[in-house]
Amino acid sequence: MSDIIQLLPDHVANQIAAGEVVQRPASIVKELLENAIDADASKIELIIRDAGKNLIQVVDDGKGMSETDARMAFERHATSKIKGTEDIFKIATKGFRGEALASIAAVSQVELKTKQRDAGIGTNIYIEGGVFQFQDPAQTAEGSNFLVKNLFYNVPARRKFLKNNNIEFRHVIDEFQRVALAHENLEFSLFHDDDPVFRLRKGSQMQRIVDIFGRKLQPQLIPIKEDITWCKLHGFVAKPEGAKKTRGEQFLFVNGRYFKSPYFNKAVQEAFEGLLLPGYIPTFFLFLDLDPEKIDVNIHPQKTEVKFEDEHLIFALLRSTIKRSLGIYNVAPSLDFEKDPQLDQMMNNAFPSKANSMHVKMPEIIVDKDYNPFLEERVVIKQAEIQNLADMYHQNIAAEPSKINLFEDEDFDEDLMRLPNGYWLFNKGDRTLMLDLGRMHRLMVSEGNKPTKKGITNSHALLFSLEYHMNEIEKNKYKSIKKFLPELGFDTKVAHENVLRIDAVPEGLKETQVMKFLEDLFDVLEYKTEDEFLHFYNNQWSKMQSKSRFDFIYKKDAEQLIKDFTALGFPEFLPNGKRCFYEIPFNDFKNKF
């Protein structure tokens with residue numbers, strides 16, 4: 001029998017490795033941005049076309065590479081970050097495996113222009129599908145300029161599984177944010193199809209968060225800081241009103257590296273215990289600084305999973321520090337917090353010290369002993385005025401009783417009755433049911449209406465236009481859905497760079513609900529396709545319409561709704577498991593009497 005085991009060619013091995021490292025355009029963005037940071041760049045520019053499918057370009061002003069280094073960088077397991085096994089356990093750089101550039105070059109067309117800071121001339125290298133094409137001297141700026149073109153051009157099966165441009169670009173923004181948040185001392189720029197998306201200046205952590213997520217987040221941020229011998233913790237958490245139902249603005253970093261940890265997320269959630277409604281997730285930006293030897297980042301090729309030597313201690317540190325900060329800023333009660341100087345001043349003003357109390361004059365009570373309310377000069381009532389009052393009294397006695405009845409007699413019909421809490425009682429045969437008309441209506445809407453592109457067409461113009469201040473992420477989301485908004489009943493336009501002006505809204509949407517509705521719309525648009533967006537919109541709209549419509553409803557409308565619901569089969573549950581009605585156990589009440 002002949003031998004069957006053979007060594008794979010390098011380009012095949014690289015394509016296999018690329019499956020782990022390069023999953024989508026955002027994976028390349030992450031690797032190239034981190035390489036630029038490791039190269040000591042102070043200014044990094046990211047240029048994207050077609051959400052990264054056709055072009056990903058990263059330009060930095062770092063230390064650059066020599067002619068030999070530029071060629072070696074695309075070989076598998078070639079790296080300048082580590083030299084021996086012991087270096088793996090004290091990694092201080094972003095990259096260290098030496099697989100990224102080889103994997104990227106295996107599934108795309110890569111061009112690199114680079115020049116060292118003291119060199120007279122740079123080099124230009126071109127690799128296609130993992131195969132070296134040419135390398136020439138070139139005049140270029142100091143630093144490196146990576147161009148990755150036509151991703152997965154030679155692996156059409158992989159390219160076919162990429163999502164639409166909106167979804168892929170959202171992933172690119174996610175990676176860009178994670179890198180930019182951890183390095184506020186560097187300048188970052190992002191351009192998509194020649195449009196500027198982000199221009200981030202150097203500054204503080206607060207400035208970087210505000211520049212990315214918008215100024216409306218700034219008043220909600222509470223600083224977090226704790227410095228102990230083996231660990232430093234700093235960053236910000238948002239007040240409870242900044243919490244959301246969807247994940248997205250939860251960021252954990254260790255030594256400048258973004259990582260995911262459900263365990264540490266739970267620590268933050270526990271710190272907000274009793275302050276958030278069920279289902280809401282707090283917003284936080286937390287940075288840990290630890291000895292590199294106490295963590296292991298060599299777990300997953302994406303390097304987003306980190307193993308900690310003392311994770312239980314860090315869990316306790318996160319929970320206690322956040323709780324204390326919430327106490328200091330009067331968000332939650334706390335016993336062990338540093339005194340606020342403003343609070344001390346207020347207490348001193350309210351309760352003066354003994355030394356100052358000598359100058360305080362005690363209040364006096366002055367009583368007029370000669371006052372008599374029955375003296376003629378103080379109370380004078382003319383006889384004519386008394387007669388007028390008597391005439392008015394007799395006229396009212398003779399008047400017919402008012403025909404206005406504040407209570408509808410029909411509300412007390414034996415079959416259907418409104419309860420004070422907004423629910424209704426209904427006798428159905430020998431059963432008495434408590435109905436939630438809003439949920440019943442929502443179920444009928446979801447059964448009768450399928451997602452369509454028409455949606456809500458009726459709209460009403462606002463007397464005064466509303467302005468919604470968008471951050472860069474919301475601005476990008478708005479671009480992806482603005483073509484649907486006119487046929488859904490909205491009349492919107494971008495008045496200034498980041499201000500959305502709303503001139504008309506769907507009929508039935510209250511003016512006070514518009515901002516909350518848009519916020520919810522942007523929150524859930526993370527990775528929605530066109531059909532998913534329309535489906536969400538219809539559900540969200542029917543939910544809001546049901547809530548506002550059934551705050552008050554006339555009995556004849558309630559009766560009609562119950563008839564329609566009966567024709568539907570009188571189902572007890574919504575698709576999400578919530579009840580439309582409950583049966584009242586009157587036999588149990590009978591026993592109590």
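Let me begin with helix α6, residues 165-182, and helix α7, residues 205-213, whose axes come within 9 Å of each other and cross at roughly 160°. Since an angle over 145 degrees counts as roughly antiparallel, that crossing makes α6 roughly antiparallel to α7. Please keep in mind, here and throughout, that we are looking at a predicted model. As for the hand of the crossing, α6 passes α7 in a right-handed way.

Which residues bring these two helices together? On the α6 side they are Q177, A180 and L181, and on the α7 side they are R208, I209, I212 and F213. Sorted by class, this contact between α6 and α7 has 5 nonpolar residues, 1 polar residue and 1 charged residue.

Staying with α7 for a moment, I would point out that its buried residues are Q205, R208, I209, V210, I212 and F213, and that R208, I209, I212 and F213 are also the ones that meet α6. Just after α7 comes G214, which takes a positive phi of about 100°.

If we follow the chain onward from there, we reach Q220, which is found in the loop between α7 and β9, the strand of residues 221-227. What does Q220 touch, once its neighbours within four places in sequence are left aside? The contacts of Q220 are then V237, A238, K239, E241 and G242. There is also a distance to note here, in that the C-alpha atoms of Q220 and T283 are separated by 9.7 Å, while the two residues are 63 residues apart along the chain.

Let me now turn to the charged pairs. In general terms, side chains of opposite charge can pair when their charged atoms come close.

Because R201 lies in the loop between β8, residues 195-200, and α7, whereas D211 lies in helix α7, the pair ties together parts that are 10 residues apart in sequence. On accessibility, R201 is partly exposed, with a relative accessible area of 43%, and D211, at 22%, counts as partly exposed as well.

Another salt bridge joins the side chains of E111 and K149, at 3.7 Å from N to O. Is E111 buried or exposed? At 14% relative accessibility E111 counts as buried, because the cut-off for buried is under 20%, whereas K149 is partly exposed, with a relative accessible area of 28%.

A further one of these salt bridges is formed by the side chains of K294 and E309, at 3.6 Å from N to O. Here K294 lies in the loop between β13, residues 284-290, and β14, residues 295-296, and E309 lies in the loop between β15, residues 307-308, and α9, residues 311-328, so the pair ties together parts that are 15 residues apart in sequence. K294 counts as partly exposed at 26% relative accessibility, while E309, at 52%, counts as exposed.

Next, a word on the backbone in two loops. D50 has a positive phi of about 50° although it is not a glycine, and D50 is found in the loop between β1, residues 43-49, and β2, residues 55-60. N255 likewise has a positive phi, near 50°, in a residue other than glycine, and the place of N255 is the loop between β11, residues 250-254, and β12, residues 257-259. Both are partly exposed, D50 at 29% relative accessibility and N255 at 30%.

Finally, let me step back to the chain as a whole. How many helices and strands are there in the chain? There are 18 helices and 22 strands. Of the 593 residues in the chain, buried residues make up 42%. And if we take the contacts between residues at least 6 apart in sequence, 67% of them join residues at least 24 apart.

Methods:
Residues numbered from 1 in each chain as written. Predicted model: local features only at pLDDT ≥ 70, side-chain atom pairs only at ≥ 80, totals over all residues. Heavy atoms only, no water. Axes fitted to C-alpha atoms, helices over the stretch in contact; angles between N-to-C directions. Helix = DSSP H or I, 4+ residues; strand = E, 2+ residues; numbered from the N terminus. Parallel < 35°, antiparallel > 145°, perpendicular 65-115°, else oblique. Left-handed = near helix turned anticlockwise from the far one by under 90°. Contact = heavy atoms within 4.5 Å. Nonpolar A, V, L, I, M, F, W, Y, C, P; charged D, E, K, R; others polar. Salt bridge = Lys/Arg side-chain N within 4 Å of Asp/Glu carboxyl O. Buried < 20%, exposed > 50% of the residue type's maximum accessible area, 1.4 Å probe, protein only.
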